[in-house]
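Hi there,

Here is the structure I promised to pass on.

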Amino acid sequence: FDFIYCCEVLEHLIHHEGILQEIFRVLKKEGKLVISVPNLPADGFHHKKRFKKKELNRLLNKCNLNIIKSFYNPKINGGHSFKEIFSDKNARIILKKIISNVLRFIIPLKFKLYLANKNPDKFSGFFIIKAQK
């Protein structure tokens, strides 16, 4: 393949290295891979694994996939509806959603992007990485 797009799949599976080795195997020379994973805690059921930036980069490099570019989407986006905010029973999560809504209007997008790129593990909602064989 010239190009493989793996969007929010890896965190649902167990054998990450084997999957990336197979991607490497089927990619043509200089073939490209775009992979994204959310920055969410593993719940053991739906999301089997939470990737940290260094760990994901190390795994891609171990499978001979050279990282060309990384993008980290800011976590503070807000945009929750009132129904979504209060659908949860956990007061802490409700408070986080309310704060996120308020912060999305206060914090400029450039600053959110700066934070997400400076410390992706803490301030990024998901990682997108472009790699090449």
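**What I found**

The chain's secondary structure amounts to 6 helices and 4 strands, where helices (H or I, at least four residues) and strands (E, at least two) are DSSP runs numbered from the N terminus. In sequence order the pattern is β-α-β-α-β-α-α-α-α-β. Please keep in mind that this is a predicted model, so local features need pLDDT of at least 70 and side-chain atom pairs count only at pLDDT 80 or more, while totals for chains, interfaces and linings use all residues. Residues are numbered from 1 along each chain as its sequence is written, and side-chain values use heavy atoms, with hydrogens and water left out.

**Overall picture**

The C-alpha trace spans about 50 × 35 × 20 Å along its principal axes. Of the 133 residues, 32% count as buried; buried means under 20% relative accessible area, exposed over 50%, and partly exposed in between (1.4 Å probe, protein chains only). If we take contacts (heavy atoms within 4.5 Å) between residues at least 6 apart in sequence, 76% of them join residues at least 24 apart.

**The core**

The largest nonpolar core has 20 residues, and those with the most contacts inside it are Leu10, Leu20, Leu33, Ile35, Leu56, Leu60 and Leu65. At least two residues of this core come from each of β1 (3–7), α1 (16–26), β2 (32–38), α2 (53–62) and β4 (124–132). By nonpolar core I mean a set of buried Ala, Val, Leu, Ile, Met, Phe, Trp, Tyr and Cys residues joined through side-chain atoms within 4.5 Å.

**How two helices meet**

The axes of α1 and α2 come within 9 Å and cross at roughly 45 degrees. Axes here are lines fitted to C-alpha atoms, for helices over the stretch in contact, with angles from 0 to 180 degrees between N-to-C directions. The two helices are therefore oblique to each other (under 35 degrees is roughly parallel, over 145 roughly antiparallel, 65 to 115 roughly perpendicular, and the rest oblique). His16, Glu17 and Leu20 of α1 make the contact with Leu59, Leu60 and Lys62 of α2.

**The loop between β2 and α2**

Two residues of this loop may interest you. His47 sits in the loop between β2 and α2 and counts as buried at 12% relative accessibility. Not counting residues up to four places away in sequence, His47 touches Glu11, His12, Pro38, Leu40, Pro41 and Ala42. Arg50 is in the loop between β2 and α2, but is partly exposed at 25% relative accessibility. Beyond neighbours within four places in sequence, the contacts of Arg50 include Glu55, Lys75 and Asp121. The side chain of Arg50 also makes a polar contact with the side chain of Asn39 (2.9 Å). A polar contact is a pair of N or O atoms within 3.5 Å; within protein, one must be able to donate a hydrogen and the other to accept it, and residues adjacent in sequence count only if both atoms are side-chain atoms.

Most residues other than glycine have a negative phi. Glu8, in the loop between β1 and α1, has a positive phi of about 50 degrees. Asn64, in the loop between α2 and β3, has a positive phi of about 65 degrees.

Best wishes
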